[in-house]
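These are notes for a colleague who has not seen this structure before. Please read them alongside the sequence and the model.

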Amino acid sequence: MKIENVNFNEDFWRDKTESEFIAHESHHGLSKAKLKEVFGLMHPKVPDPESKPETKSNLSKNKD
Amino acid sequence: MAYSLCGKSVANTGELACDKSRGVLKKLFIFNGSIAAADYADEATFTQKLIANSKLSKNDSNKLFTLNEAQDLADASEANKEGSLNLGFKTVLLEGKPGYTMKIFAGGDLLKRLRSFNNQTVRILELDANGIVWGTKSGTSFRGFLAKIFVTGNKIATGQNVEEGVVTVSVSILSTSEYFDNNYWSETVGNIDDIRALNDVSLVYKSNASNVFKIGLQIIGSDLMGGYNIWDDYGSAISALTFTAFTGADFASSLAVTSVAADTALEALTVTFDSTAYNALSSGDKIKLVGPTPAVLDAADVLDTEIIPVILTKS
């Protein structure tokens with residue numbers, strides 16, 4: 001993943017923590033907020049399979 | 001009726017219309033690999049295979065090296081050896097081996113690279129001016145003719161002829177049976193100039209602070225002032241690609257590259273290794289940094305480039 005001239009190894013950082021990432025890659029001159037953002041992009045939240053989105057029909061039922 | 005055994009060893013002498021024969025040589029390909037039957041299923045597939053093979057790493061056994069277009073040709077075949085009887089009979093005893101010289105344009109740096117093939121036994125494919133590629137076959141695989149090449153040039157020009165930048169490539173064919181009796185050809189389709197010659201771009205160590213290394217990208221040449229820095233051409237594009245690193249005996253152990261950044265001020269890559277693994281190395285341990293393959297570079301529009309690895313040392 002390339003952000004502001006830095007190409008991060010997503011495979012390597014996949015199983016690492018945010019604090020490890022920030023400590024390791026801070027020398028590139030990116031702000032802590034930007035590094036947190038990058039780490040977040042490399043670790044997209046997986047939707048919980050248990051929580052089903054409400055369907056249109058459910059919504060109409062709820063209205064009743 | 002004459003009694004004859006000829007049918008066991010000779011062929012009929014009919015000829016197809018438009019039977020192919022070698023035209024004027026246009027380009028020479030040094031190709032030590034082979035092309036499987038599936039890759040010459042048709043002319044378009046065959047041409048694409050030649051193009052793909054030209055973009056392989058020089059370490060790949062199927063790498064195809066292309067030389068610049070021929071500008072001048074001269075037959076240099078050895079004459080047949082003849083024998084005669086003193087009552088007037090004369091016949092060919094031994095067929096001379098084919099050979100020729102080809103002049104191409106090449107600068108001093110390319111000449112040095114071409115001369116690295118001198119005295120090597122290689123296989124060559126010939127592309128003639130009719131767009132036909134000539135080679136031989138082993139089993140069902142298409143391959144080049146066995147040959148030796150020798151390259152000379154870059155002598156001082158005399159001003160009497162076209163001499164400056166003219167390089168002479170001498171080609172000596174090793175086998176008449178391959179070259180004449182077992183030759184095969186294919187037409188090509190599309191732009192034959194898509195068969196490319198690559199430049200060696202060396203990764204060059206500049207400095208490091210612990211596990212963070214600054215690495216330049218240079219084409220090493222004869223300029224006393226240093227190699228050609230490719231940063232302005234492709235530095236940014238290359239920094240977006242994946243690099244790998246290896247360490248240990250025979251560089252068999254992987255060392256993670258955690259990030260690659262473009263240092264535009266220094267015109268270099270900032271390569272960061274996994275600090276935990278790097279710190280575990282002993283002082284003096286070697287690290288081999290490997291760039292993306294020519295095919296990956298080509299797909300990213302970094303054209304005609306092979307990145308040569310660099311060996312780094314843990315300080």
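**Notes on the two chains**

1. In this predicted model, 11 residues of chain A are in contact with 13 residues of chain B; contact means that the C-beta atoms of two residues, placed from the backbone, lie within 7 Å. On the chain A side, strand 2 (6-8) and helix 2 each supply at least two residues. Strand 2 gives the largest share, three residues. By type, the chain A side has three nonpolar, six polar and two charged residues. Here Ala, Val, Leu, Ile, Met, Phe, Trp, Tyr, Cys and Pro count as nonpolar, Asp, Glu, Lys and Arg as charged, and the others, Gly among them, as polar.

2. Residues are numbered from 1 along each chain as its sequence is written, while chains are lettered from A and ligands numbered from 1 in the order in which they are written. As the model is predicted, local features need pLDDT of at least 70 and side-chain atom pairs count only at pLDDT 80 or more, whereas totals for chains, interfaces and linings use all residues. Helices (H or I, at least four residues) and strands (E, at least two) are DSSP runs, numbered from the N terminus.

3. Within chain A, the mean is lowest in helix 4 (residues 56-63), at 51, and highest in helix 2 (residues 18-25), at 95. Where pLDDT is low, the predicted coordinates should not be read in detail.

4. Chain B has six helices and 22 strands. Its radius of gyration, taken over C-alpha atoms, is 25 Å, well over the 20 Å that the globule rule gives for 315 residues, so chain B is more spread out than a compact globule. That rule is 2.2 Å times the number of residues to the power 0.38. Along the principal axes, the C-alpha atoms of chain B fill a box of roughly 90 × 50 × 35 Å.

5. Strand 10 of chain B has antiparallel partners. Four bridges join strand 7 (residues 121-128) to strand 10, with B:T121 opposite B:K148. Strand 10 also pairs with strand 11 (residues 166-173) over seven bridges, where B:I149 has B:V171 as its partner.

Methods:
pLDDT = per-residue confidence, 0-100. Pairing = 2+ DSSP bridges.
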